[in-house]
Amino acid sequence: MSALAGLKIADFSWVGAGPRSTKDLADNGATVIKIESRRRLDLGRMSPPFAGDPKDFNGSAFFAQTNTSKKSVTINLSDPRGIEVAKKLVAWADVVVENFGPGFMDRIGLGYSTLKEIKPDIILASVSVAGKTGPMAGFRGYGNSAAAHSGHAWLSGATDGDPHMPPLAYGDVVAPMFLTVAILAALEHRAQTGEGQHLDVSQIEPMVHVIADLYASEPTEKMGNADPSFIVHGVYPTSGDGQWIAITAETEAEAAALKAALNITSIDDATIATATRQHDKFVMFDLLSAAGIPAGPVLDGKEVAENPELLAAGHFTKADHPVLGKSSMPTPPYRFSDTKNAVTAAPLLGQHNREVFVDMLGLDPDHIDTLIAEGSLA
Amino acid sequence: MSMLAGVTVLEISDGLTDFGGRMLAELGADVTVVLPEHAQEKSRERAWHHGKTRLLPDSAEAIRSLAAKADIVLDGHRNGDRFDLASAVSPTTIHIKVAPFSAAGPYAGRPTSDLTLFALSGLMHVTGEPDGPPTKFPGQQAYALTGIQAATAALMALYARRRSGNGQTADLSAFQSATLANYREAVMYEWTGRIGRRQGNMLVRGKSGVRQIWPCRDGYVTWSMIDNPSMMHAVVEVMIEQDAAGELADIDWGSILVAETAQETIEHWQSIFGAFFIQHGRDQLGQWSLERGWGLSVIMAPDDVRSSDHLKARGLFVMVTDEATGEKVNVPGPLFHSAVMDAPRRTLSVPVAASAHRGGAER
């Protein structure tokens with residue numbers, strides 16, 4: 001049995017910030033019903049890379065990786081009859097997840113007060129760029145907005161360079177992790193008190209939290225790759241074109257071991273770089289690790305995909321997807337002794353309509369067929 | 001009451017666990033942390049350990065005794081298995097063993113730091129300027145990401161314990177935690193054969209690349225020409241009002257795929273946007289973005305973040321008192337908004353010897 005077996009999630013979220021959280025829950029055994037619509041496709045379904053035709057909304061590997069282990073139903077949330085079916089999912093669920101703009105859930109008749117009337121102990125988990133309150137509530141942004149508003153971009157890059165944006169939507173990575181923690185904590189609170197609640201997660205605030213140590217230091221300075229609390233803390237070239245290795249020495253013992261391992265008498269950056277240039281980064285990794293010195297080759301995408309440690313640890317699992325075939329899906333970074341994770345393929349759009357609406361909610365199959373045909377469940 | 005009221009946590013601090021323990025403390029758990037052998041930077045202590053009871057590691061026996069009584073043990077193994085807590089915990093304890101790598105994989109036992117884990121994650125390879133070295137994210141992101149996963153695993157096991165009555169052990173890999181954040185590079189290689197590289201502040205999609213950072217009159221903003229017609233229209237509408245749109249006013253953004261537009265054309269259009277942005281200040285551009293839905297964000301310096309009206313209204317920063325010195329420091333507090341949360345203690349406690357500790361981490 002998985003850790004979250006029995007947990008029921010009605011997931012109205014899309015793209016990255018919500019779906020990555022509900023992936024955490026689904027991969028650990030929660031039943032996650034992803035509410036989608038053909039009329040307003042999850043943009044994740046249109047995000048590269050694709051298995052084939054970019055217009056095939058079931059063929060995005062990006063979407064597949066972000067939505068493992070979930071079930072998909074289609075509900076037209078602009079149709080009152082669709083909303084009535086959505087309310088039945090709310091009545092079934094322990095947790096409702098959404099990442100719409102402020103006011104949208106209220107406008108479609110699924111605001112928190114309505115959800116509470118349907119199910120008094122419901123947990124509503126919301127995630128948005130700037131949160132639901134404050135002067136910036138309603139800010140319309142995208143994945144990297146939080147990097148700008150948190151100070152992350154200002155603090156990134158070379159010390160003498162411009163601000164630097166992360167190479168991915170890092171706010172769409174960190175915020176959903178906070179959302180998962182928030183949901184799990186709210187479930188514990190509900191178990192203790194019987195009370196549900198509305199959780200309001202901003203993307204900006206988690207991005208500030210993960211650099212809290214820099215905010216605890218005044219003035220907060222841009223450091224590049226440096227860390228003055230270390231004797232050695234840098235990235236050094238190795239043999240081969242564009243190959244690098246990160247090396248640190250925090251103690252005098254590590255610094256002495258580094259000198260010995262590299263056969264150098266000084267540990268300034270230039271001397272270390274001269275020594276590391278002579279070797280392959282993986283050979284250097286083995287050499288320094290054996291000498292007790294923290295080191296890490298700078299891996300590219302291919303080297304991550306093929307990394308022996310990640311493969312041995314089961315970091316990627318092969319899920320059999322109807323369109324993508326057997327393809328690599330990331331798994332949780334932890335392994336429980338008693339409860340197993342259960343990573344399965346992402347759903348096709350509306351794949352579970354009948355299973356959810358008829359078998360699970362007990363709705364009349366003819367009525368469901370009518371609602372599908374007339375676009376209410378589409 | 002707090003969300004984790006009554007939950008006791010013992011944390012063995014080594015960098016990997018620190019933010020996980022901090023999250024649980026912020027949520028109301030009673031967290032006791034055993035400090036590392038080597039003292040951390042003061043800023044890191046204040047950021048990661050406020051709200052916890054801090055212990056010096058003078059007695060393995062006392063620490064093992066605390067582990068036996070705790071609901072949750074976040075057991076950092078970056079510096080090895082310091083206290084053999086696996087043999088000390090009770091059947092109802094949730095024991096999260098946090099190590100740099102998997103327990104039995106080819107990298108097991110190798111020494112690590114935040115920087116080396118970040119290098120391995122694949123994120124560093126694509127961060128920085130094309131002609132410069134790989135660059136890390138600010139702070140210690142591999143540690144932070146691992147800490148969040150440690151808190152997540154603990155809370156999942158707590159949910160399972162409510163069902164079964166039993167605790168359990170989890171092995172958590174920091175390398176996997178950091179790599180999980182890198183959602184693009186491995187999958188892009190798998191499906192396209194392309195290996196990502198450093199692009200500086202260019203956002204490259206399809207045939208062309210677009211700028212992400214723009215100087216304005218008094219700083220920088222981030223905004224990109226992306227295939228979002230409503231955002232493009234929203235910016236150009238204001239440029240028309242300000243008589244700065246030029247030929248951009250005549251473009252039907254709904255019929256253009258920016259990602260498929262020639263780089264030369266992109267550069268020309270960007271020169272018009274750039275001339276507009278440099279004429280205006282951050283506050284004005286930020287206000288237009290908020291009101292008109294541009295998707296533009298002001299690049300905020302740390303002091304801007306500290307003094308942000310929005311974050312003040314949200315109550316993000318809290319004052320923490322260092323009990324040893326009486327000094328106060330302004331650091332992030334609440335993890336998110338929840339109406340049911342009481343404020344946790346806002347102090348950095350004075351460390352006491354584990355052998356002399358009474359209370360904490362006990363059910």
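In the predicted model, the lining of the second largest pocket comprises 9 nonpolar, 10 polar and 9 charged residues. The volume of this second largest pocket is about 630 Å³, and among the 28 residues that line it, those closest to its centre are Glu250(A), Asp14(B), His38(B), Arg78(B) and Asn79(B). Helix H1 (18-26), helix H2 (42-49) and helix H5 (141-164) of chain B are the elements that give two or more residues to this lining.

The largest cavity holds about 290 Å³ of space, and of the 21 residues lining it, Arg20(A), Lys23(A), Pro330(A), Leu180(B) and Tyr183(B) are the closest to its centre. Both chains contribute helices to the lining of the largest cavity: at least two residues each are supplied by helix H1 (19-27), helix H2 (61-66) and helix H7 (171-193) of chain A, together with helix H6 (174-180) and helix H7 (185-192) of chain B. By class, the residues of this lining divide into 11 nonpolar, 6 polar and 4 charged.

For chain B, the domain assignment gives domain 1 (8-192), domain 2 (203-299) and domain 3 (302-363). The centres of domain 1 of chain B and domain 2 of chain B, taken over C-alpha atoms, are separated by 41 Å.

Trp253(B) lies in the loop between helix H8 (229-241) and helix H9 (263-278) of chain B, whereas Phe273(B) lies in helix H9 of chain B, so the pair ties together parts that are 20 residues apart in sequence. Both Trp253(B) and Phe273(B) are buried. A further pair, formed by Phe276(B) and Trp288(B), is stacked, with 5.8 Å from centre to centre and 25 degrees between the planes. This pair links distant parts of the chain, with Phe276(B) in helix H9 of chain B and Trp288(B) in helix H10 (residues 282-292) of chain B, 12 residues apart. Phe276(B) counts as buried because its relative accessibility is 2%, under the 20% limit for buried residues, and Trp288(B), with a relative accessible area of 10%, is likewise buried. The residues of both pairs belong to a cluster in which ring pairs link Trp214(B), Trp223(B), Trp253(B), Trp269(B), Phe273(B), Phe276(B), Phe277(B), Trp288(B) and Trp294(B).

Charged groups are also placed over aromatic rings. The charged end of Arg45(A) sits over the ring of Phe63(A), 3.9 Å from the ring centre, while the charged end of Arg110(B) sits over the ring of Phe285(A) at 4.2 Å from the centre of that ring.

Val15(A), although not a glycine, has a positive phi of about 60 degrees; Val15(A) lies in the loop between strand S1 (8-11) and H1 of chain A and counts as partly exposed at 26% relative accessibility. A positive phi of about 60 degrees is likewise found at Asp243(B), which is not a glycine. Asp243(B) lies in the loop between H8 and H9 of chain B and is exposed, its relative accessible area being 74%.

Another exposed loop residue is Ser78(A), with a relative accessible area of 64%, which lies in the loop between strand S3 (71-74) and helix H3 (80-92) of chain A. The C-alpha atoms of Ser78(A) and Pro308(A) are separated by 48 Å, these residues being 230 residues apart along the chain.

Terms used: Residues are numbered from 1 along each chain as its sequence is written. Chains are lettered from A and ligands numbered from 1 in the order in which they are written. This is a predicted model: local features need pLDDT of at least 70, side-chain atom pairs count only at pLDDT 80 or more; totals for chains, interfaces and linings use all residues. Side-chain values use heavy atoms; hydrogens and water are left out. Domain bounds come from an automatic or database domain assignment. Helices (H or I, at least four residues) and strands (E, at least two) are DSSP runs, numbered from the N terminus. Buried means under 20% relative accessible area, exposed over 50%, partly exposed in between (1.4 Å probe, protein chains only). Rings of Phe, Tyr and Trp (its six-membered ring) pair if their centres lie within 6.5 Å; planes under 30 degrees apart count as stacked, over 60 as edge-to-face and the rest as tilted. A charge sits over a ring if NZ of Lys or CZ of Arg is within 6 Å of the ring centre and within 35 degrees of the ring normal. On a 1 Å grid over the protein atoms alone, a cavity is a set of points where a 1.4 Å probe fits but cannot get out, and a pocket is an open set with protein on both sides within 12 Å along at least five of seven lines; lining residues have an atom within 4 Å of a point. Grid points are joined across faces, edges and corners, and a volume is the space filled by probe spheres set on the points. Ala, Val, Leu, Ile, Met, Phe, Trp, Tyr, Cys and Pro count as nonpolar, Asp, Glu, Lys and Arg as charged, and the others, Gly among them, as polar.
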